[in-house]
Amino acid sequence: MPRNALLLLSRLLLAALFVPSGFHALADIAGTSGYFAGLGLPLPTLAAWGTGLFELIAGLLILVGFKTPIVALLLAAFCIAAGFIGHYGQGGDDPTLTFMHSQMLMKDIAISGGFLALAMAGAGAWSADGRVVGAIASRKS
């Protein structure tokens with residue numbers, strides 16, 4: 001499969017996690033805020049709004065491939081932070097919940113690896129970033 005097609009597929013798959021998550025967080029601020037309060041986060045409503053907006057906007061930027069290296073690095077850091085805040089040490093005495101949270105932590109770490117690779121590779125030619133680079137290159141010729 002050509003490089004640009006794989007980069008597009010990578011962006012689509014990663015955005016498919018963050019765009020709906022951000023939308024749902026914003027659509028249910030009370031629920032999101034309650035979850036954050038349960039984690040012991042200060043200002044859970046502010047955290048809910050900030051997280052929802054970040055996930056939605058960053059997911060859309062990855063989807064269209066705009067400022068991809070910067071956004072991908074931010075999302076990689078977000079995934080690590082969210083994984084440790086939301087999953088590390090969670091589950092208490094319930095072995096099933098403990099297992100689930102450890103798997104979710106590892107998922108977040110793996111997703112951050114995908115974002116680091118995307119940050120290094122860039123969005124590819126089939127993206128807003130690629131169109132900008134192509135337009136600059138054609139002006140120089």
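Apart from its neighbours within four places in sequence, Thr 51 is in contact (heavy atoms within 4.5 Å) with Phe 36 and Phe 78. The structure is a predicted model, in which local features need pLDDT of at least 70 and side-chain atom pairs count only at pLDDT 80 or more, whereas totals for chains, interfaces and linings use all residues. Residues are numbered from 1 along each chain as its sequence is written, and side-chain values use heavy atoms, with hydrogens and water left out.

Thr 51 is placed in helix H3, helices being DSSP runs of H or I of at least four residues, and strands runs of E of at least two, numbered from the N terminus. The side chain of Thr 51 reaches the backbone oxygen of Ala 47 at 2.8 Å. In the protein chain there are 6 helices and 0 strands, and the pattern read along the sequence is α-α-α-α-α-α. The C-alpha trace spans about 65 × 30 × 20 Å along its principal axes. Of the 141 residues, 33% count as buried, where buried means under 20% relative accessible area, exposed over 50%, and partly exposed in between, with a 1.4 Å probe and protein chains only. Among contacts between residues at least 6 apart in sequence, 68% join residues at least 24 apart.

Thr 51, Phe 36 and Phe 78 are also among the residues that lie nearest the centre of the largest pocket, together with Glu 55 and Ala 82. A pocket is here an open set of points on a 1 Å grid over the protein atoms alone, where a 1.4 Å probe fits, with protein on both sides within 12 Å along at least five of seven lines; its lining residues have an atom within 4 Å of a point. The largest pocket holds about 580 Å³ of space, the volume being the space filled by probe spheres set on grid points that are joined across faces, edges and corners. Its lining comprises 24 residues, which divide into 15 nonpolar, 6 polar and 3 charged (Ala, Val, Leu, Ile, Met, Phe, Trp, Tyr, Cys and Pro count as nonpolar, Asp, Glu, Lys and Arg as charged, and the others, Gly among them, as polar). Helix H1 (3-27), helix H2 (29-38), H3, H4 and helix H5 (95-121) each supply at least two residues of this lining.

A search of the whole structure finds 5 aromatic pairs, defined by rings of Phe, Tyr and Trp (its six-membered ring) with centres within 6.5 Å, and classed as stacked for planes under 30 degrees apart, edge-to-face for over 60 and tilted for the rest. One of these is the tilted pair of Tyr 35 and Phe 36, at 5.8 Å centre to centre and 50° between the planes. Tyr 35 counts as partly exposed because its relative accessibility is 41%, whereas Phe 36, at 10%, is buried. Phe 54 and Phe 78 likewise form a tilted pair, at 5.1 Å centre to centre and 45° between the planes. This pair links distant parts of the chain, since Phe 54 lies in helix H3 (residues 44-64) and Phe 78 in helix H4 (residues 68-86), 24 residues apart. Phe 54 is partly exposed at 28% relative accessibility, while Phe 78 is buried at 19%. Phe 18, Phe 54, Phe 78 and Phe 115 form one aromatic cluster.

Gly 59, also in helix H3, is buried, with a relative accessible area of 1%. Apart from neighbours within four places in sequence, Gly 59 is in contact with Ala 15, Phe 18, Val 19 and Phe 54. The C-alpha atoms of Gly 59 and Leu 17 are separated by 7.8 Å, although these residues are 42 residues apart along the chain.

Note on methods. Polar contact = N/O pair within 3.5 Å; in protein donor to acceptor, adjacent residues only side chain to side chain.
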